[in-house]
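Dear colleague,

Please find the structure below, handed over for your further work. A short account of its chain interfaces follows.

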Amino acid sequence: MLQVGPQHYLILAALLFVLGAIGVVVRRNALVVLMSIELMLNAVNLTFLAFSRFPLAAQAPMAGGFLQGHAAVFFVIAVAAAEAAVGLAIVIAVFRSRASVNVDEFDTLKL
Amino acid sequence: MDVGWLHYIPLLPLLGAAFCGLAGKWVPKAWVYAAALVTVLLSFLVGLVAFEMVSSSPAPTAQVRELVFNWMAAGKLSVDLGLAVDRLSGAMVLVVTGVGFLIHVYSVGYMDEDPGYWRFFAYLNLFVAAMLLLVLADNLVAMFVGWEGVGLCSYLLIGFWFDDEAKATAGRKAFIVNRIGDFGFLLGIFALFAFTGHVDYTGLRGANLSLAQASIACALLFVGAIGKSAQLPLYVWLPDAMAGPTPVSALIHAATMVTAGVYMVARLSFLYIQAPGVLCAIALVGALTAAWAALIATSQTDIKKVLAYSTVSQLGFMFMGVGVGAFFAGTMHLVTHAFFKACLFLGAGAVIHGLHGEQEMTKMGGLRRHMPRTALTFLVATVAITGLIPLSGFFSKDEILAQALHTNAFSFLRLPREDGPIGLTWLGPAIYLLGTATALLTSFYMWRCYLLTFEGSYRGPSAVTPHESPPIMTAPLQILAALSVVGLVLGLPEGFAHKLHLEGFTWEHFTKGFFAVARGGPPGQGNLLVTYLVALAVAWAGAFVAWRLYGPEAAGRAERLAAQWPRLRAALVNKFYVDELYDRAIVRPLWALARGAFTVVDKTLIDNVLVNGSAQLVAGIGSLARRFQNGDVQRYAALTAVGLLVLVWALLKRGAP
Amino acid sequence: MSHLLTLVIFLPMAGALVVALLPRGEGGQHKAVALLTSLATFALSIALWTGFQPSRTGYQFEARAEWAKGLGFSYHVGIDGVALLLVLLTTFLGPIVVLSTWTSITERVKELCLALLVLETAMIGSFAALDLVLFFAFWEAMLIPMALLVGVWGSERRIYAAVKFFLFTFVGSVLMLLAIFYLWSKSGPERTFDYVVLLERLRLEPGEQKWLFLAFALAFAIKVPLFPLHTWLPDAHTEAPAAGSILLAGVLLKMGTFGFIRYAMPLFPQAALEWTPAVAWLGVIGIIYGSLMCMAQTDLKRLIAYSSVAHLGFVMLGLSALTAEAVSGAVLQMVNHGISTGALFLMVGVLYERTHSRDIASYGGLARVTPALAAVFLVVTLSSIGLPGTNGFVGEFLILIGTFRAPLGNGTLLAVLGSVGVVLGAVYMLKLYQSAMLGPVRHEALRSLPDLSLREWAAFAPLIVAIVVIGVRPGPLLAAVKLPVDEFITRVTARAPAAEPPRLPRPPRAPFFPRNVLPPREQR
């Protein structure tokens, strides 16, 4: 029977992070880029939870057990939501003036 | 002896030049003439006073000096503007101002109708001032000021009619060829300063020079003389200089400026005797130039060109004289030559003036009937230069040849050879032979010139009636002709002069003890009568040949003779193609080099490759770098991620804290 | 402490302020103010001349004011004989330059006058500065007005020429700035930028000296201009207006040579000795190459620009020869070149104003049409080729005679080659004179050209007087520079430095950039 340890969670989180990063860099649709950013943030969440569930030795627990990671995840989720809201607002504003969400076309800040 | 008024000698003509040049356009003609003539005359009188002081003093090296001011002083060099009249420079001053004054008078007539007459007199006076500075200077640098000053005036006067491109070019050629000589002169001054720390004659006299040092310095100074006195190979400017008005040719290119080289060598006789090899070279150059120029003169048809080459040839004689150590002979010929050559040139000018500008002898002839006074003076001067009758030219030329024959200046020189050194004692007699042959040629071409111009029948166009010149032009001619005759006193042999109690008037006596004696010792004693007879024979032979070919009964003999050697004739007429050679070998390659260097080195190599190239390089790198800033946010994000990864890797590799 | 020098430096700047306050559009007012200011500056500089004592060593008219005490630079000005002559040259050319623009420049006159006056301040300041930062500030301050002069009021390719000029000279200066900072760091326990202090205190290894000398020398060599860094000059001169050319050739080029004699060579004597043969050779190459380039030109201004390369080759040759005669001649020739080439460019400006052509082929036979102009042109030409009696001869003669016997190594050969330059100078200048002035009138349009006007005479007359007076009586000028020249030579050629003070052990230097960003492993 497969013993699921911290490495499985971490590798999964790393894979998700890389997928998200590639999506940020490669995809052309601004909304998909935002989605990829969400994916990266969730991968980070998974990493925090993994280390929270399988803590490294010599770490002091909170009252009620090891919950530092879980606490961090809440922060991250809140930030992700705020960032998604702002990001979507920007994309909508740009769409209103450019009628496109193709990031390749947003290149006027150049030399 | 120190006086305070020597500076008037060059200053007065300079003031005259300033007046004529700056105000001459607006003041009446008479004022211009007065300013020009009076200043030169006053200069002559002041010079006469100084000359009197010097010649009446018993010591042959007596000097009347003046230190006008210290011109420049830096480091060990101190150059004064100092003037010194001694027997040589005093006599030169008289020649320059005297003959100069006569030519000024002549020019009043010659240039009367020219609208630029005021410029002419300004330049002429400036020339006299510069020549006087050259002669009177007591150091080489001040002499150089006069040296280049006369070069400048030569440029201005040759190109006087500057509307004509050819004349302007002739002036430029004179200046540039002179400058090439000046290059050597300057190096000579530098060398002397480097070896001795002095540039003034007194300091140089006392300096100790090794043979090599003296030879280098003297050779370099002589290069300057080659340029100024139109010797081989830098004589090419003098014939072209005939483009200027004839009084210019008379004053500058016959009597005074071109003699500056001879004057310089004579002045520095104490230096040149320390370099016997250089003296030898001087004599050779002089002899070769004399022969070369005489050959060319035999076939020229422009009367001024004949006289120009004659001047080059006679200058060669002068250098022959100083080169064999007979400094007094060379300078004596300088003085007598001034008289008769000026007379010849002014006579030619009168002819040209009377023919309204015709200079080709083929269109002259029979002018004796139309211009009797001019013809007579020309005849006298021709007799003087050829030595047909013993007048001034006969004695001075023969003295040079006799000195060459008997010279001891080369007696101790040795040419190194494998089978033992050979002496050069034969050089003197060789020069004598060459000189005598040249004298033959001289007689021939001068009589040819006279006969073609004044004898026979008039060959010019009938529209032009030759007329005699006004008295203001013929009077100087007559005075100069008289001087050519009277000047024979300068060259009388000692014994003869003693009998006539004219000892004090001979040049040899006058300059005895002044010039240094060549290292080989004084010349040997020969039979003067022999050399006199040879000279007379040669002169009469040349005249005879000229009479046969160009006299009244010649009837085409000259043309038939010329037709027998067409290539030789062509070479002579075309001056041995020397100008063309210089043009092809030096002038054109130099300009091509300049243009080539400009295109290849400056425009292409330095500017395009290096300067603009480095600018392009920077622009190129910029355009590469620009690719990172194309406004594409995803590219920025990707680069950030990559950079982050690198940082993390580096930290992990080195061990994070 | 005398304030005269400060006044001379900043009076043009004050005039510039007045010009700035005047309303635009009334061209005559601005030019009048500029003219008056430059004349007043010249008058004040005469006071500098009369008050100068040639027999006193050291710097005269010194003035000092604290500027940034902690950082080590102050406002320190003073002049010696060499600087005095160059300051006089600058103030002498000032009014002439303003006169030259009187009718030729009619647009943006206010900016023009501002540029000219600020430029004058910067030039005088650079000659008078005795503090390295102050010197650098004035040095850089010269670039902008000059680039503006070329770029705004110039001819067709003016932008290219202005940018080229600016970048080329700027690149050199940047390296010099680095070198200045290095000197500051080496100036002893109390770091200073002061030149006089540095001269006394600096003790540098030969290796250090070499790089510092090269950094300084590069900046100055570009300015001189020394072959092969000269290609900015023809373009700048060709495209600049007459005023710009006169100032560029008359004064700015002297900054380069002045930099050598004041900074590059005395501060680093061993390196200077090592490199002077190279500089001398470059100078001689400049003479001959410059003259050859002149012969190949068809553009009037470009020809005279290359003649500047040739003339300044003489100056660099003289400086490198390190004998009293040669160096005195070089300093004198700096002044002479300013006057004669300034006059040449003024002449070109005068001609250009009449025909709007720089092409030599479009002239010909002008001596018949404008005789006074031709006469002035002849005098200036003769000065340029060094005819005895003109100023050019004295300088060239002293340089060559000093180089001939120089302990430089190939001194004699260099003097011979330099003398060839004398011949070549006559070749191209007389060809130019003949092509432009002599011969038949080549184009009918030339026949209607006016002769020199009164204003033009007023601009030329001082130059001609200077040419003749310096040619005949260079004595006072040579006397003024005698002491600085002797000191310069002593300082550069003294191989063994005087008894050195005992070397104190250096404190360990705190690194500017620590080697490891992170502390080493063992400490964790």
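The notes below describe the interface of chain C with chain B and then that of chain B with chain A.

Please bear in mind that this is a predicted model.

Chain C and chain B

The contact involves 61 residues from chain C and 53 residues from chain B. Together the two chains bury about 5,300 Å², and 72% of this area lies on carbon and sulfur atoms. One salt bridge is counted between chain C and chain B. Its partners are D163(B) and R368(C), whose closest N and O atoms are 2.5 Å apart. On the side of chain C that touches chain B, helix α17 (residues 411-437) of chain C supplies the largest share, with 13 residues. That side of chain C consists of 41 nonpolar, eleven polar and nine charged residues.

Chain B and chain A

Here, nine residues of chain B are in contact with 14 residues of chain A. The buried area between chain B and chain A is about 770 Å², of which 55% is on carbon and sulfur atoms. Zero salt bridges are found across this interface, and two residue pairs are in polar contact, both residues being at pLDDT 80 or more. Helix α27 (residues 633-654) of chain B gives four residues, the largest share of the side of chain B that touches chain A. By class, that side of chain B has three nonpolar, four polar and two charged residues.

With kind regards

Definitions and conventions
Residues are numbered from 1 along each chain as its sequence is written. Chains are lettered from A and ligands numbered from 1 in the order in which they are written. This is a predicted model: local features need pLDDT of at least 70, side-chain atom pairs count only at pLDDT 80 or more; totals for chains, interfaces and linings use all residues. Side-chain values use heavy atoms; hydrogens and water are left out. Contact means heavy atoms within 4.5 Å. Buried area is the accessible area (1.4 Å probe) that two parts lose on being put together, summed over both. A salt bridge is a side-chain nitrogen of Lys or Arg within 4 Å of a carboxyl oxygen of Asp or Glu. Helices (H or I, at least four residues) and strands (E, at least two) are DSSP runs, numbered from the N terminus. Ala, Val, Leu, Ile, Met, Phe, Trp, Tyr, Cys and Pro count as nonpolar, Asp, Glu, Lys and Arg as charged, and the others, Gly among them, as polar. A polar contact is a pair of N or O atoms within 3.5 Å; within protein, one must be able to donate a hydrogen and the other to accept it, and residues adjacent in sequence count only if both atoms are side-chain atoms.
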